[in-house]
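Subject: Structure handover

Hi,

Here is the structure for you to look at. My notes follow below it.

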Amino acid sequence: MKEKVMEILKELRPDVDFESSQTLIDDGILDSFDLVSLIGELTDAFGVDISFDDIEPENFNSADQIAALVKRLEDED
Amino acid sequence: MNMTVNSLPFLVFFTLTAVIYYLFPRLQWVVLLLASLVFYSLAGARTFLWLILTILTTYGAVRWMETMDDQLKKRQAGELKEASHEIKKAEKARTKKKKRHVAALFIIVNIGILALLKYGNFLIDNANYVLGLFGISPVNRLGLAAPLGISYYTLQSIGYVLDVYKGKCKPEHNILKTALFVCFFPQMTQGPIGRFPDLAPQLFAVHKFSYENLSFGLQRVLWGFFKKCVIADRMKPSVDAIFRSADCSGMTLFLGCVYMAIQIYADFSGYMDIVAGFSEVLGIHLMENFKRPFLSRSLGEYWRRWHLSLSFWFRDYLFYPLSISKPAVRFGKWGKKCFGIRIGKIFPAMFALFIVWFSTGLWHDSSWKYILWGVANGVILMSSLFLEPYFQKWKAFFHIHEESGAWRFFCLLRTFFLVAALKVFPGSPTTQGVFDTVRRIFTDFRPSLAFEAWFPKLVPQDLIFLAIGLTAMLAVDLVQEKQPVRALIARQNTALRWLLYLGALAGILIMGTFSISMTGGFAYAQF
């Protein structure tokens, strides 16, 4: 799953080093448009339902956190 | 009596509050609440009830949601302990849904109050216009006055309720503390729109008097006064005269837009410095509302640096929910089908962006010119989103290096003039006047070197003072972009620091305009 998340992230923003960054939202590396596009891509790729409740920096600050969010939502389904 | 934060009565009021605040450390939050209520009731006792209603509904909504969570927890520990995963999940979803209904009800009530008080007459005026077309007699306007700061405290309360709904913070059990969070007096009239997890713990904590807070706070107040008195209020008569004049040239009108951009920045950020400074004296650090907006390289970046608390509020509580809502997703799917994946992908964001900017315009004022201003911002931002890939190709074709100094400077100027050009909407006295102003700029430019055409209502001495003020403001912004100015000042020796403080104070006294600032208000207070 992490690989697929990384693939989506790299396609979205090829200029960002997603391997090391832990502050994608806190430091404004991903802006609100990136985040909305990312949510759309994750929804399409994994079939998960990301809601308003899930849009928190701690769910999107790193590739690991994003993968963890997707996993949690998959498990909930 | 409306005490503006730069008036003498407010200075006396604040000093008294601060003294009592530090004399009774255990009662600090009570002192702040009483001061806030006094501040608010002086602004108009008639509108006080509306504030009380928002406090009560805020308290009621968060406690109601907490009760639902508690009931679920009890059931999970009792009757649901042995239940299947599906049943537990369904119960959790049911509670979440009920909490969502409570939050929705709270929002409807409070947006309803805001709509009634701030937009009621606007709707009636528009309805009367349509009725008039059919020869139907008009409906009477409402005689209701909107309370001070309603646009700010309503959004702050909604943010708190939604944060509790999302589980980002625990609800406050003391209704009086909730009241303090809703109406903390320094931020009441113009924000910043605080977030409960950041602001509330500071409001309710006990703060020891600290020389650093006093010194840093007063420095900031002094700087706010400098921007307000030396720049904003000195430019205001010229800006007002330009937009009120029916015969000034297109060139002067264009200059009026530029001047207004600078004046509003000095006015609004000056206010923020003053209230942030006063709050710092009390040991309370308010959210930063400005991050050098005129150093932005795009309009999007500008809005991430200007009035941050409002931009972030709209982003978190309107843009995100809208852009992942079912209509937005459907719109995105339709876009992908009709225009391809690349363009269709941005449709949900564009859908949300349009509504957010329409709302931002409406939030500023109940008039079509502000709605048009909001929509114009939205259209530019949507266009840049849509055209971004073409810009990238264009830049690659012309070998433009984005980090080169010349390109960055060009982008700064481009953004500044774009922001200034958009001031044609709020600057013009009426909605019809906006079209008239634009027409005159393009068809009646009349370039001139006459002093009056460049600087109406100003005299050469004003220009000297403004040049000094603007240079200081730009210098501080440039330094602040690299490192905190106050930390830099704190590292200097005592003599130099005091020279700076006295210089700023002397600057305000010599170059400041007091006839307006000590009796009038701030531009954003009207919102």
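The radius of gyration used here is taken over C-alpha atoms, and the globule rule is 2.2 Å times the number of residues to the power 0.38. Keep in mind that this is a predicted model.

Chain B overall

For 527 residues, that rule puts a compact globule near 24 Å; chain B has 25 Å, so the two agree. The C-alpha trace of chain B spans about 85 × 70 × 60 Å along its principal axes. Chain B has 23 helices and zero strands. Buried residues account for 51% of its 527 residues. Take the contacts in chain B between residues at least 6 apart in sequence: 76% of them join residues at least 24 apart. Chain B exposes about 25400 Å², with 68% supplied by carbon and sulfur atoms.

Helix α9 of chain B

This helix covers residues 250–281. At 1.5 Å a residue, its 32 residues should span 46 Å, and the end C-alpha atoms are 46 Å apart, so the expectation holds. Of the 32 residues in α9(B), 31 are buried, so the helix is largely enclosed by the rest of the structure.

Helix α1 of chain B

Leu23(B) lies in α1 (residues 8–23) and counts as exposed at 58% relative accessibility. Thr17(B) is also placed in α1 of chain B, but counts as buried at 7%. Beyond its neighbours within four places in sequence, Thr17(B) is in contact with Val31(B), Ala35(B) and Phe185(B). Leu23(B) belongs to a nonpolar surface patch of about 760 Å². Other members include Leu8(B), Val12(B), Leu16(B) and Phe24(B).

Salt bridges

The count over all chains is 38. One of them joins Lys2(A) and Asp64(A), with the closest N and O atoms 2.9 Å apart. Lys2(A) is in helix α1 and Asp64(A) in helix α4 of chain A, so the pair ties together parts 62 residues apart in sequence. Lys4(A) pairs with Glu7(A) at 3.8 Å. Both sit in helix α1 of chain A, three residues apart, about one turn of the helix.

Asp163(B) forms a salt bridge with Lys168(B), the closest N and O atoms being 4.0 Å apart. Asp163(B) is buried, with a relative accessible area of 1%; Lys168(B) is partly exposed at 37%.

Best wishes

Key: Residues numbered from 1 in each chain as written. Chains lettered and ligands numbered in written order. Predicted model: local features only at pLDDT ≥ 70, side-chain atom pairs only at ≥ 80, totals over all residues. Heavy atoms only, no water. Patch = residues over 30% accessible without salt bridge, like charges linked within 9 Å, V, L, I, M, F, W, Y side chains within 5 Å. Areas by Shrake-Rupley, 256 points an atom, 1.4 Å probe, with all protein chains shown as cover. Salt bridge = Lys/Arg side-chain N within 4 Å of Asp/Glu carboxyl O. Helix = DSSP H or I, 4+ residues; strand = E, 2+ residues; numbered from the N terminus. Buried < 20%, exposed > 50% of the residue type's maximum accessible area, 1.4 Å probe, protein only. Contact = heavy atoms within 4.5 Å. Expected span 1.5 Å × (residues − 1).
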